[in-house]
Amino acid sequence: MSRLVVISNRVAPIREGKIAAGGLAVGVYDALRQNGGIWFGWNGEVGQKPETACESAGNITYVTLGLSKPDYNEYYRGFSNATLWPIFHYRIDLARYSREEYLGYRRVNAMLAEKLKPLLRPDDILWVHDYHLIPFAAACRQLGIGNRIGFFLHIPFPTTEVLTAVPPHRDLFQTLCDYDLVGFQTESDRMAFQDYVCRELDGLIGTDGSLTACGRNFRAGVYPIGVMPDDIRRLADSYRGRRPMIGRTAEGKLRKTLISVDRLDYSKGLVERFLAYEQFLEHYPEHRRNVELIQIAPTSRTDVKTYRAIRKQLETVAGHVNGRLADLDWMPLHYLNKSLERRTLMGLFRTANVGLVTPLRDGMNLVAKEYVAAQNPADPGVLVLSRFAGAAHELGAALIVNPYDCLGMAEAMDRALRMPLEERKERYEDMMRALRAADLNAWRDNFLRDLRTFGRHRVVTASRAAV
């Protein structure tokens with residue numbers, strides 16, 4: 001059987017139980033662990049003389065390399081995170097473009113393709129992940145690499161009107177045509193991509209659903225990333241009886257808890273969530289002293305100016321909420337600016353009465369699925385979920401909210417805390433059926449099956465289509 005070669009921006013050898021909360025890290029690790037193969041990419045180090053290292057763990061071989069300071073600044077800090085990330089999350093106002101950074105982005109992708117080429121076998125299947133590596137397949141094709149190459153986008157794909165705000169959009173996004181298969185989290189994302197291909201690249205849609213553009217034939221599909229519900233439940237079960245002291249009054253009485261876990265990022269709607277929580281306590285004073293919000297938000301991209309600003313803003317708002325509403329024996333908001341071990345996190349999900357997942361825009365958001373999977377079936381909590389998270393397309397039994405409506409979120413928090421047991425169980429069971437139908441195995445198997453099936457082929461009959 002052919003090997004699976006995963007290419008992602010960041011690679012870190014992962015030990016059991018230490019996996020980060022991010023969807024790409026969790027999803028790729030479990031997919032590769034079951035298939036075996038190579039995980040290739042950046043090791044997170046920046047230096048004068050980047051070196052390539054190889055490390056094996058079980059059936060996974062990690063091949064990593066460092067980046068030079070210019071490569072890091074232009075490829076990672078620059079075009080990837082100062083241009084593409086805000087644009088893909090509909091924040092044109094926060095996007096910055098530099099031609100030098102774009103050229104550095106293309107240069108690093110070409111360098112990565114050159115480093116990978118000697119490691120490949122003719123029948124290897126390449127699976128490339130996320131926005132950092134959009135032109136990776138084009139760089140491979142220029143080197144004569146003919147392997148089947150698939151691409152999966154973990155973040156949203158914006159509408160054509162938003163995407164064209166990237167000055168070299170045509171030069172960049174036509175390179176997606178060099179993949180055999182381009183995968184998205186939701187049908188909305190796939191339709192936005194198809195619309196762009198037809199309108200900006202003069203693309204054609206074949207009678208078999210394939211796409212033709214820039215002289216190449218390829219496919220686009222929807223593959224919502226999932227979780228492993230049974231694994232998560234086992235982790236949550238192992239935490240049983242270890243409820244943390246937060247959530248108790250001075251007399252030892254249990255308080256109800258709401259929990260949120262997000263990487264510190266402006267796309268996650270953290271400020272809006274804190275303000276909604278403040279309105280919740282103002283409009284429903286009976287919950288005061290009886291409820292606490294736990295927000296876990298590990299810092300990321302600390303050398304990017306926008307991220308330093310959001311951290312400062314969030315700390316200010318958290319201090320404002322606690323300063324106004326806290327008392328000697330009650331802290332309404334616990335804000336932890338750090339990562340937690342995965343088992344602890346699943347245990348916190350199990351003990352929390354409400355899970356708040358309210359991003360302003362998100363590709364999928366696996367935290368929503370993890371929260372549901374971690375619940376006690378006999379007494380499950382309630383998921384409050386943003387309509388702009390990809391998970392909302394599958395978890396319709398959650399309380400769906402608009403994160404721009406703080407009062408609406410406050411009302412959902414109150415409803416979640418008052419929800420009768422039977423309704424909570426019914427909603428939980430509905431969402432668990434969705435999680436099992438589209439778990440992590442299904443995500444991996446469906447994508448790789450389609451990649452192997454489609455390969456590189458010709459479209460015999462194609463027609464221009466309006467989307």
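Me: Among contacts between residues at least 6 apart in sequence, what share joins residues at least 24 apart?

Reply: This is a predicted model: local features need pLDDT of at least 70, side-chain atom pairs count only at pLDDT 80 or more, and totals for chains, interfaces and linings use all residues. Numbering starts from 1 along each chain as its sequence is written, and side-chain values use heavy atoms, without hydrogens or water. Contact means heavy atoms within 4.5 Å. For pairs at least 6 apart, the share joining residues at least 24 apart is 76%.

Me: Is His154 buried or exposed?

Reply: Take the cut-offs: buried is under 20% relative accessible area, exposed over 50%, partly exposed in between (1.4 Å probe, protein chains only). His154 has 9% relative accessibility, so His154 counts as buried.

Me: Which side chain does His154 join by a polar contact?

Reply: A polar contact pairs N or O atoms within 3.5 Å; within protein, one must be able to donate a hydrogen and the other to accept it, and residues adjacent in sequence count only if both are side-chain atoms. At 2.9 Å, the partner is His129.

Me: Where does the largest nonpolar core lie?

Reply: A nonpolar core is a set of buried Ala, Val, Leu, Ile, Met, Phe, Trp, Tyr and Cys residues joined through side-chain atoms within 4.5 Å. The largest has 97 residues, with Phe193 one of those with the most contacts inside it. Both domains (bounds from an automatic or database assignment) give residues to this core, so it lies between domain 1 (2-224 + 440-451) and domain 2 (228-436).
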